[in-house]
Amino acid sequence: MLKTLQARWQQGYRTMRYPDGPPPDLPARFAGRPQVDSAKCTAGCHRCTLVCPTDAITAGEQTLRLDTGRCLFCRECETACEAGAIAFSHEFRMAASSREQLVVTDRPAPAVVAIDGAVRRILGRSLKLRQVSAGGCNACEADTNVLGTVGWDLGRFGIQFVASPRHADGLLITGPVTENMRLALEKTYHAVPSPKIVIAVGACAISGGPYADHPEAHNGASSVVPVDVFVPGCPPHPLTILHALLQVIGRLSG
Amino acid sequence: MQALSVYNGQALAASEIPVVAADQFRSELVRSVADGGRIAALFADRREGTRHRIQAVVAFDAESVLRLTAAWIDAQYPSLTPDCSQAHWFEREMWERHGIVPVGHPFLKPIRFLPHAANGKPSAPRAVCGTADFFRMEGEEIHEVAVGPVHAGIIEPGHFRFQCHGETVYHLEISLGYQHRGVQRALVGGPDRRTIHYIETLAGDTSIAHASAYCRALESLAGTRIPPRAQVIRGIAQELERVANHIGDLGALAGDVGYLPTMSYCGRIRGDVLNMTAVLCGNRFGRGLVRPGGVAFDLDQDSVDELKRRVRAAAKDAKVAVELLWDSPSVMGRFDRTGAVSRETCERIGLVGVAARACGVARDVRRDFPYGIYRFAQLPISTCDSGDVFARAMVRWLEVQRSLAFVEEQLAALPPGPVLRPIGALRPGHAVVTLAEGWRGEICHVAATDDAGRFEHYQVIDPSLHNWFGLALALRNQQISDFPLCNKSFNLSYCGHDL
């Protein structure tokens, strides 16, 4: 008993102050939302598109577009581009409520995640989610799971992962949706009472990621169920996922 | 003995692999395993008409050699499994993927429920994942419990069928395949710009160890040696990956028996360790770090000092958090003698990694087939004898301490020099087997190139492929309520198995 108390004392209080305080430090080499500058782009170069593993980049006349829904944040394009037209920032706020908003262009980033007001009114400020891994590699799953630990303490926001879809307000889906998980995902979706929201976490769940166009998988959650929120990354940093969830419940607006 | 002996990561001309008659292949494989060998890989890699070429990689731990043999067999052959239990899962894989029928196999059913045949066309009749002819017990008061593929927690999908009498489990059948993404098919024809990303997501919690096995295969096929500094950074990253996962598992085991202090502390400490990996490369799972020819990121002195400080802090915090477990009778009452696997069973079915070491079998690629930095810096092997949940927890804790000490030691002795050296073209018509000790156990990659130096075949054996059957056996005569605890004590990969 004494040892348990001693351990409690030694471990201290570890829950971060975010969002009331500053976000936790991100590693110096963290790859957040990329920025593109078409003006620096050399016509006809295409080095970035040639190295991109998931065809996330389109480079045309004076237009450079990077789809963060496909991006694995491997930074190959950043390294390949001698002109410095692509740079990964430290911006961790990356979620969006439409596929189009995930595409980075020269224009400033749009205000992120706008959840339908009616749905939010019904759900209130609590959110119960059922997680479904449908071909996820266990990285998105692990960094979603970590939000339940004392450092992040998701419970303080009224957000909880529940054991049954019937207790849930929505689904958080990871993985490209393998053909072998399609039926289970559909059944789980239908078991969630309406209105419900669906959050796709990670490049695989948004676009298939490296498994895009595999006959064994389905290019992401939206090919099987309607998706309301997209959280890019491979895997997204827990802070990116948390920020998206806080926007969903209306705790944060930007 | 016709087999060819090679070392871990030694490339050879594919023509050197001895091809023997089918009956000789069989008798030699059975004899090798009886003599202390272990099937590290068994797969079919070529096809001519109705005949297939199968290849075996048998690991002799004590001699640090891998023995390779191959044989051409007909579409039907007498099953190896009745004489050699270790062949069980491999024969099912060859049957499912290539239609090679092992006549007399006692448990012939799909392991992945491939939606497509080997040629990429939909298989007919279409296998529906999870619909199998499950083993059933009959009798009054016998009942069946089905769990999954969607589970209660945030976890990958799999299906578990229990045959119970009251609370006691007599038989557990594990049916996987839900995570099948077609990785091995997609690797053929590579390497290309997607290959490293397939490898890093084979089992996304083991990105570094799988990427190391892959990169070593490439470097060996290209005849390139990587700089010493890169070897050390790879070693540091591999041990951090092990520590993060082991600490996470210890916390989850505590959670499964309702002991919340250790669960809370370990959950947080695991994150701290993932953040150390992010210091190396910006990603908590080590994505983008290990690349053919070395590592993509160097460490400056500030980062080294920062990592040393964090390693010491994690070691201190983990000690306080984990040792509470061994002092708590309520925890030990649940860990002790739960889900025990005997040493004999372990040897017979060929368990690897933590699960094997917890049965008293000192089996560890880092010592038995040393590679990279492990050729110069040895880690002591951690074993325990009881084969139960306690043993698997204790082995993890011993490894956490030894790995953290290793990381600290290596950070203090980083050799100077570059961290990346470009590798040349892969030699055509060559093959290589690379083993690595991932946090779950032995990872085996087998790569073979065609005339143009592209992958003609790429086989991945995640440790989970060896160990899932061990979990099924561990559940026999256990309370069904102990399943989550037993499952977590193995903590196997679903996607690493399903590929």
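Is Arg47(A) buried, exposed or partly exposed? Arg47(A) counts as partly exposed, because its relative accessibility is 39%, where buried means under 20% relative accessible area, exposed over 50% and partly exposed in between (1.4 Å probe, protein chains only). The structure is a predicted model, in which local features need pLDDT of at least 70 and side-chain atom pairs count only at pLDDT 80 or more, while totals for chains, interfaces and linings use all residues. Residues are numbered from 1 along each chain as its sequence is written, chains are lettered from A and ligands numbered from 1 in the order in which they are written, and side-chain values use heavy atoms, with hydrogens and water left out.

The side chain of Arg47(A) meets that of Glu82(A) in a salt bridge, at 3.2 Å from N to O; a salt bridge is a side-chain nitrogen of Lys or Arg within 4 Å of a carboxyl oxygen of Asp or Glu. This pair links distant parts of the chain, 35 residues apart: Arg47(A) belongs to helix α2 (residues 47–51) of chain A, and Glu82(A) to the loop between α3 (76–80) and β4 (86–88) of chain A. Helices (H or I, at least four residues) and strands (E, at least two) are DSSP runs, numbered from the N terminus. Glu82(A) counts as exposed, because its relative accessibility is 71%. Over all chains the count comes to 46 salt bridges.

Chain A also holds an open sheet of five strands, in the order β7-β6-β8-β9-β10 (chain A), with parallel pairing. The edges are taken by β7 (159–161) and β10 (229–231) of chain A; each has a single partner strand, so one side of each is left without a neighbour in the sheet. Neighbouring strands of this sheet are turned by 25° against each other on average, direction ignored. Two strands pair if DSSP finds at least two bridges between them.

Going through the sheet, strand β6 (residues 127–133) of chain A pairs with β7(A) in the parallel sense over three bridges, and Lys128(A) has Gln160(A) in β7(A) as its bridge partner. Five bridges join β6(A) to β8(A), which run parallel; here Leu129(A) stands opposite Gly170(A) in β8(A). Five bridges also join β8(A) to β9(A), again parallel, and the bridge partner of Leu172(A) in β9(A) is Ile199(A).

Strand β8(A) is mostly covered, with five of its five residues buried. Gly170(A), Leu172(A) and Thr174(A) point one way from this strand, and Leu171(A) and Ile173(A) the other way. Helix α6 (residues 179–191) of chain A lies across β6, β8 (170–174) and β9 (197–201) of chain A, and runs at about 165° to β6(A). Axes are lines fitted to C-alpha atoms, for helices over the stretch in contact, and angles run from 0 to 180 degrees between N-to-C directions.

In chain B, Arg38(B) forms a salt bridge with Asp61(B), the closest N and O atoms being 2.9 Å apart. Arg38(B) is in strand β4 (residues 38–48) of chain B and Asp61(B) in the loop between β5 (51–60) and β6 (65–73) of chain B, 23 residues apart. Arg38(B) counts as buried at 2% relative accessibility, and Asp61(B) counts as buried at 15%. A second salt bridge joins the side chains of Glu456(B) and Arg46(B), at 3.4 Å from N to O. Glu456(B) lies in strand β16 (residues 455–461) of chain B and Arg46(B) in strand β4 of chain B, so the pair ties together parts that are 410 residues apart in sequence. Glu456(B) is partly exposed, with a relative accessible area of 33%, and Arg46(B) is partly exposed with 32%.

Ile236(B) is placed in helix α6 (residues 228–256) of chain B and counts as buried, at 1% relative accessibility. Leaving aside its neighbours within four places in sequence, Ile236(B) is in contact (heavy atoms within 4.5 Å) with Val407(B), Gln410(B) and Leu411(B).

The two chains meet where 61 residues of chain B are in contact with 59 residues of chain A. About 4900 Å² is buried between them, of which carbon and sulfur atoms give 54%; buried area is the accessible area (1.4 Å probe) that two parts lose on being put together, summed over both. The count between chain B and chain A is five salt bridges, including one between Asp317(B) and Arg14(A), with the closest N and O atoms 3.4 Å apart.
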